[in-house]
Amino acid sequence: MFGNVMAIERVLGTGIIISSSKPIPQGVEQRIHAFVEEYERTLSRFRADSLVSRMARAEHGGEFEFPAWTQPLFVLYDEFYVATRGAFDACIGADLLALGYDNSVKFVPKSKAGEGKDENISSGSWSKYRRSLPITWADISRDSGSATLHTNQPVQLDFGAAGKGYFVDLVTNILKDELGDDSLSDCDFLVNAGGDMRACFSDEDYQIKVALENPFDTTQAVGVASIASGALCASSAARKRWKVKDANCLADNAFESNLIATHLINALDGVPSQKLSASWAYIPAKTCAFPTAYADALATALFVSQENDLQKIVQTAGAEFVVMLPNRADCQVRATSAFPARFFAD
């Protein structure tokens, strides 16, 4: 079905692959490349010239005018911050930096299924870790309907919990806008940014199959999802894991060395979540304006919050999800009734 591929390497911490049933015109490719640059120049905390980095360097804070296209992303963070009682927070950038997640981070592979657990990541190991989050998402003021953020101190934002999915939605909107003429109106495509994907098919009954990665052994799958037009996103600690060194923390907050940290930070205590091993969220395109952003955020929020707290968002977005319990080599999963996947037997 997808005989054409457009790839952009080493962006958004991963890469982007756009597969399509018809060739994407050169002008459309150029527009997407330009938007990639604009997106990272705005939201990347790894770029010194980004707006997010300027906020982090502003000694007394200030007024930061973001592009209008960021406003729905800020609304999403409002919703998830409230639903998770503050556990889902863009201000965890400070925590990630303290734990060593910067441009120099070196990820380490996760244990294979035979070991069945995350060594060096037990809750007791983090008992000596202390941090003080200087500011929360609720402390950043924003006028209703505005994309301008007001702060009174430096703020290190990180939009990794939903930003990649939101980017996929915005690229999807570019493609829909550009491919809307008669010759390309029936062009089917799939936008995939490091496993956060959105499918758009002219036939509403068409589906593709996607393997669901085993977080205990990334060379294997635990099941296969069949998705129609919509978004599928996953979260796990399988790939973004790194060793924490004492040098990354303040001397008076030093804690046990050689801990394994992940990017799945609970903003309430700054500690990597150990609640789950993996989560997946699927949202049909017709139920939500930004299905990949919400699926991406939901997959992360399941790690740091209670499922009951997320029910309003789940119902509004028409989401289905599945979670895998931690420290289980048998890959036990719990899924909502309509999650579109078949899981392999143990």
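Modeller: This is a predicted model. Let us begin with Ala-199, which has a relative accessible area of 0%.

Biologist: Why is Ala-199 called buried?

Modeller: Buried requires a relative accessible area under 20%; Ala-199 has 0%, so the term applies. Ala-199 belongs to strand 6.

Biologist: What does Ala-199 touch, leaving aside residues up to four places away in sequence?

Modeller: Its contacts are Phe-189, Leu-190, Ile-227, Ala-228, Ser-229 and Gly-230.

Biologist: What makes helix 5 largely enclosed by the rest of the structure?

Modeller: Twelve of its 16 residues are buried, and therefore helix 5 is described in that way. Among the buried residues are Tyr-166, Phe-167, Val-168, Ile-174 and Leu-175. The buried residues of helix 5 pack against strand 2, helix 1, helix 3, strand 5, strand 6 and helix 6.

Biologist: How do you know that the span of helix 5 agrees with its number of residues?

Modeller: At 1.5 Å a residue, the 16 residues should span 22 Å; the end C-alpha atoms of helix 5 are 22 Å apart, so the two values agree.

Biologist: Which residues have the most contacts inside the largest nonpolar core?

Modeller: They are Ile-32, Phe-66, Tyr-77, Phe-80, Leu-157, Phe-159 and Leu-175, in a core of 78 residues. Helix 6 gives the most to this core, with nine residues. Another core, of 19 residues, lies apart from it and includes Met-197, Phe-201, Phe-216 and Phe-339.

Biologist: How do you know whether Tyr-77 and Phe-159 are buried or exposed?

Modeller: The limit for buried is under 20%. Tyr-77 has a relative accessibility of 1% and therefore counts as buried; Phe-159, at 5%, is buried as well.

Biologist: How many aromatic pairs does a search of the whole structure find?

Modeller: The search finds 22 aromatic pairs.

Biologist: Why is the pair of Tyr-77 and Phe-159 called edge-to-face?

Modeller: Ring centres must lie within 6.5 Å to pair, and planes over 60 degrees apart count as edge-to-face. The centres of Tyr-77 and Phe-159 are 5.2 Å apart and the planes stand at 90 degrees, so the pair is edge-to-face. This pair links distant parts of the chain, 82 residues apart: Tyr-77 is in helix 3, and Phe-159 is in the loop between strand 4 and helix 5.

How values were computed:
Residues numbered from 1 in each chain as written. Predicted model: local features only at pLDDT ≥ 70, side-chain atom pairs only at ≥ 80, totals over all residues. Heavy atoms only, no water. Helix = DSSP H or I, 4+ residues; strand = E, 2+ residues; numbered from the N terminus. Expected span 1.5 Å × (residues − 1). Buried < 20%, exposed > 50% of the residue type's maximum accessible area, 1.4 Å probe, protein only. Contact = heavy atoms within 4.5 Å. Core = buried A, V, L, I, M, F, W, Y, C linked by side-chain atoms within 4.5 Å. Phe/Tyr/Trp six-rings, centres within 6.5 Å; stacked < 30°, edge-to-face > 60°.
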